[in-house]
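Here is a short report on one part of a protein chain. Have the sequence and the model open as you read.

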Amino acid sequence: MRVARAVEGLRYGLDRLRQRSAPPSAVMLEKILGAWVAQGITVAADLKVADALADGPLPIGELAQRVGANPDALARLMRALIGEGVFTQRRDGRYALNALGETLRTDAPMSVAGMARMVGHPAHREHWSALLDAVRTGEATVPKLRGMPGFEYLAQNAELGEIFNDAMTNLSETAVVPLTAAYDFSPFAKILDVGGGHGRFLAAILAATPSARGVLYDLPQVVEGAPELLGRHGVADRVEIVGGSFFDSVPAGANAYVAKNVIHDWPDDQALTILRNIRAAADTGAVLLLAEFVIPEHPRAFIGNWTDLEMLMATAARERTEAEYRKLFEQAGFQLTRVVPTVAPISLIEGRAV
């Protein structure tokens, strides 16, 4: 973890040095045009270019045929992406995967193809076009655009909802190893995952903690998809699946309650409702663990600063600082004991029921 933080600091310093070596207008133009780069990556993900190259390099004609694209237009897209370090072209002209290209494979262990498709989806682009209104008013803009709350819109828009779920799975896959490596779950005999979706985080915890049993708790229509994932990860026989809403109640009897990327989805009043329902279920001394971005005090680039704006537009929610989490914990009946950083940007916020 110390190495990861040192590398982040070095990258920040080098980036600032690079910026100072060029005219400010050129640096700013590069940042503005980053939106074009992101959209190009989205197109490559939508076309499944990386999947087509998974078995080896291909000439442009065959690649275009496999992905259903115009050969000339695809070659121009590949040229632009290669300039950004995504994909590579061999001396014989064939296109091939490299380390960044591999991450756009849908079956890659640390795939971000779903995230690329979500960020560049026309509906999501439209949401971000309303950032000006969100900053002016401090209000969520997705409900204004769609006439309904963001999660309801996802539920009614099957295509975007599926892409969103894939993106969230991508984020889970990149987070579970750092989270389980940074924290020792062995003291807990029973771990309850609040709002755990299909159970990817819980499956990782149980795989790392053979002595523990788990409870997966989420909306009934969500946990319907959990048995296949839990079985695939070899922990289905140690997990009880319970359907329900954390706004109504949370099952009792666990030694530890975990919630990954749940509280950041909600403004303070609704976040407190969730935390107070967990406290009502938890015995005194039980542990609460939130896996979230924690906004740092330093001014360096941090992905949570941007997801914070996503939360603002979607639900008028926010990413929070340690002090803001400490306040929420106290109001809900927990004492924040520590924040456990990981090699990834995500942290574990630990508290105890008091």
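Is His-264 buried or exposed? His-264 is buried, because its relative accessibility is 8%. Buried means under 20% relative accessible area, exposed over 50%, and partly exposed in between (1.4 Å probe, protein chains only).

The model is predicted: local features need pLDDT of at least 70, side-chain atom pairs count only at pLDDT 80 or more, and totals for chains, interfaces and linings use all residues. Residues are numbered from 1 along each chain as its sequence is written, and side-chain values use heavy atoms, with hydrogens and water left out.

**Around His-264**

His-264 sits in the loop between strand 6 (256–260) and helix 17 (268–281). Helices (H or I, at least four residues) and strands (E, at least two) are DSSP runs, numbered from the N terminus. The side chains of His-264 and Glu-319 make a polar contact of 2.8 Å. A polar contact is a pair of N or O atoms within 3.5 Å; within protein, one must be able to donate a hydrogen and the other to accept it, and residues adjacent in sequence count only if both atoms are side-chain atoms. Neighbours within four places in sequence aside, His-264 also touches residues including Glu-292, Met-311 and Arg-320. Contact means heavy atoms within 4.5 Å.

Strand 6 is largely enclosed by the rest of the structure, because five of its five residues are buried. Ala-256, Val-258 and Lys-260 point one way, and Tyr-257 and Ala-259 the other. In a regular strand the side chains alternate between the two faces of the sheet.

Pairing requires at least two bridges found by DSSP.

| Partner of strand 6 | Sense | Bridges | Example pair |
|---|---|---|---|
| Strand 3 (residues 190–194) | parallel | three | Asp-193 and Val-258 |
| Strand 7 (residues 287–295) | parallel | five | Lys-260 and Ala-291 |

From strand 6 the chain crosses through helix 17 to strand 7, and this β-α-β crossover is right-handed. That is, with the strands pointing away from the viewer, the path from the first strand over the helix to the second runs clockwise.

**Helix 17**

The end C-alpha atoms of helix 17 are 20 Å apart, which agrees with the 20 Å that its 14 residues should span at 1.5 Å a residue. The expected span is 1.5 Å times one less than the number of residues. Buried residues of helix 17 include Leu-272, Leu-275 and Arg-279.
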